[in-house]
Amino acid sequence: MKELLERLLKSLGISGRDWAALLLALLLAFSIWLIHNLSLKYNDYLTVSIDAQCNIEGHADVSSNRCEVVARGRATGYNVIRKGLVGKRHVRRVTFKPDVMKHKEGDVYYVTSSDLMEYGHLIYGPDVTVEYFASDTLFFTFPSVEFRKVPVHPVYSVSYLPQYMNVGDLKIVPDTVTIYGEAHLLENIDQVFTSHIKRSNLNADIQGVVALEKLRGVRMSDSEVHYSLEVSRYVEVKAKVPVEVTGLPADKEMIVLPSNVDVVLKCTFPMKEDPIEDVSLVVRYEDFLHSISGKCPVKMSQTPDNVIGYELDPFFVECIVSDR
């Protein structure tokens with residue numbers, strides 16, 4: 001065979017050095033041909049093994065089983081080969097929305113092929129265009145776990161520019177979360193906390209997203225919450241307002257000292273009308289009955305619409321009660 005090849009090369013006038021160059025040229029041509037063909041788009045059936053992650057109340061967030069997903073898709077030759085070689089061996093975790101995962105029975109949930117279309121890029125990657133799913137309904141098992149709902153407590157410190165203040169408290173959405181874990185851990189948790197929100201020199205509304213502080217051995221339905229705080233410019237209105245007594249029995253008399261209290265109203269800017277006429281300060285006879293020292297807090301019976309805060313001086317007044 002070797003002699004025959006040598007005779008053929010000799011008859012063609014090809015030397016040993018020319019033969020090496022020919023082989024190199026053929027190898028280079030084959031490489032160019034292979035790269036070109038692998039870069040072309042092909043239609044093929046692709047199979048990927050997945051497990052499901054879903055935030056289902058009362059259940060583990062990751063399925064205990066996995067499913068194979070078959071779809072006809074369009075991808076480069078390279079990706080078709082790569083996914084064919086590793087698609088079944090490699091398990092891809094796909095996060096589903098709770099409203100997509102339907103309940104069948106017990107701990108078993110399912111997702112239909114029609115709902116899978118929006119998750120095609122998560123299942124096969126962004127380099128594959130899914131034409132349709134050959135797989136029908138996928139069933140996943142999410143084991144039941146211990147859980148309870150607890151409120152979210154915001155941790156924050158804010159400061160304002162002069163003549164600015166908050167309108168109401170800082171709001172959190174959602175204001176409750178579901179926590180999962182062993183029973184002995186959950187029974188000691190009454191609330192969860194946000195990371196510290198710190199803002200300074202505010203003169204406008206703020207909003208944002210803040211992470212929740214993690215708890216060892218506990219999973220939470222949400223890892224972060226949205227917060228918002230309304231901030232407004234204000235003007236101060238000062239006045240001296242008389243204090244009235246409410247809830248006093250017919251056979252009793254009560255005197256409050258002092259009978260007039262200094263009030264500083266913080267009104268939203270611009271102020272359209274004087275709010276003092278709508279201010280009424282009261283002391284409740286019921287508070288006197290529960291008082292040890294005879295001093296009772298002064299309260300505003302109603303707050304005018306444009307008032308976002310107020311200060312009273314003094315806040316407590318001396319109460320003297322006698323029979324009629």
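The model is predicted, so local features are given only where pLDDT is at least 70 and side-chain atom pairs only at pLDDT 80 or more, while totals for chains, interfaces and linings use all residues. Residues are numbered from 1 along each chain as its sequence is written, and side-chain values use heavy atoms, with hydrogens and water left out.

**Strands and sheets**

- Two strands are said to pair if DSSP finds at least two bridges between them.
- Strands of a sheet pair through backbone hydrogen bonds, either parallel or antiparallel.
- An open sheet is formed by four strands in the order S13-S8-S12-S16, and its pairing is mixed.
- The edges of this sheet are strand S13 (192–193) and strand S16 (219–220), each of which pairs on one side only.
- Strand S8 (residues 147–153) runs parallel to S13 and is joined to S13 by two bridges, with Val 152 standing opposite Val 192 in S13.
- Elsewhere, strand S18 (residues 231–246) pairs with strand S21 (residues 280–284) in the parallel sense over four bridges, and here Val 245 stands opposite Val 283 in S21.
- S21 also runs antiparallel to strand S23 (residues 299–302), to which three bridges join S21, and the bridge partner of Ser 280 in S23 is Gln 302.

**Salt bridges**

- A salt bridge is counted where a side-chain nitrogen of Lys or Arg is within 4 Å of a carboxyl oxygen of Asp or Glu, and a search of the whole structure finds 10 of them.
- One of these salt bridges joins the side chains of Asp 51 and Arg 93, at 3.3 Å from N to O. Because Asp 51 lies in strand S1 and Arg 93 in strand S3 (residues 91–95), the pair ties together parts that are 42 residues apart in sequence.
- For burial, the terms used are buried (under 20% relative accessible area), exposed (over 50%) and partly exposed (in between), with a 1.4 Å probe and protein chains only. By these cut-offs Asp 51 is buried, at a relative accessible area of 9%, whereas Arg 93 is partly exposed, at 48%.
- Asp 61 forms a salt bridge with Arg 219, and the closest N and O atoms are 3.7 Å apart. Asp 61 lies in the loop between S1 and S2 and Arg 219 in strand S16, so this pair ties together parts that are 158 residues apart in sequence. Asp 61 is partly exposed, with a relative accessible area of 21%.
- A salt bridge also brings together the side chains of Glu 118 and Lys 97 (3.7 Å, N to O). Glu 118 lies in the loop between helix H4 (113–116) and helix H5 (120–124), and Lys 97 in the loop between S3 and strand S4 (102–105), so the pair ties together parts that are 21 residues apart in sequence.

**Two buried residues**

- Ser 63 is found in the loop between strand S1 (41–53) and strand S2 (67–76), and it is buried, with a relative accessible area of 7%.
- The side chain of Ser 63 reaches the backbone oxygen of Asn 65 at 2.9 Å.
- Leaving aside neighbours within four places in sequence, Ser 63 is in contact with Asp 51, Ala 52, Phe 140, Thr 141 and Phe 142, where contact means heavy atoms within 4.5 Å.
- Val 111 has its place in strand S5 (residues 108–111) and is buried, with a relative accessible area of 0%.
- Although Val 111 and Thr 137 are 26 residues apart along the chain, their C-alpha atoms are separated by 5.8 Å.
- With neighbours within four places in sequence again left aside, the contacts of Val 111 include Phe 96, Leu 116, Thr 137 and Phe 140.

**A nonpolar surface patch**

- Ile 255, Leu 257 and Ile 320 form a nonpolar patch on the surface, together having about 270 Å² of accessible area.
- Ile 320 is found in strand S25 (residues 316–323) and counts as partly exposed, at 43% relative accessibility.
- Patches are made of residues with over 30% relative accessible area and no salt bridge, with nonpolar side chains (Val, Leu, Ile, Met, Phe, Trp, Tyr) joined within 5 Å and like charges within 9 Å.
- Accessible areas come from the Shrake-Rupley method with a 1.4 Å probe, and for residues only the protein chains shown count as cover.

Key: A polar contact is a pair of N or O atoms within 3.5 Å; within protein, one must be able to donate a hydrogen and the other to accept it, and residues adjacent in sequence count only if both atoms are side-chain atoms.
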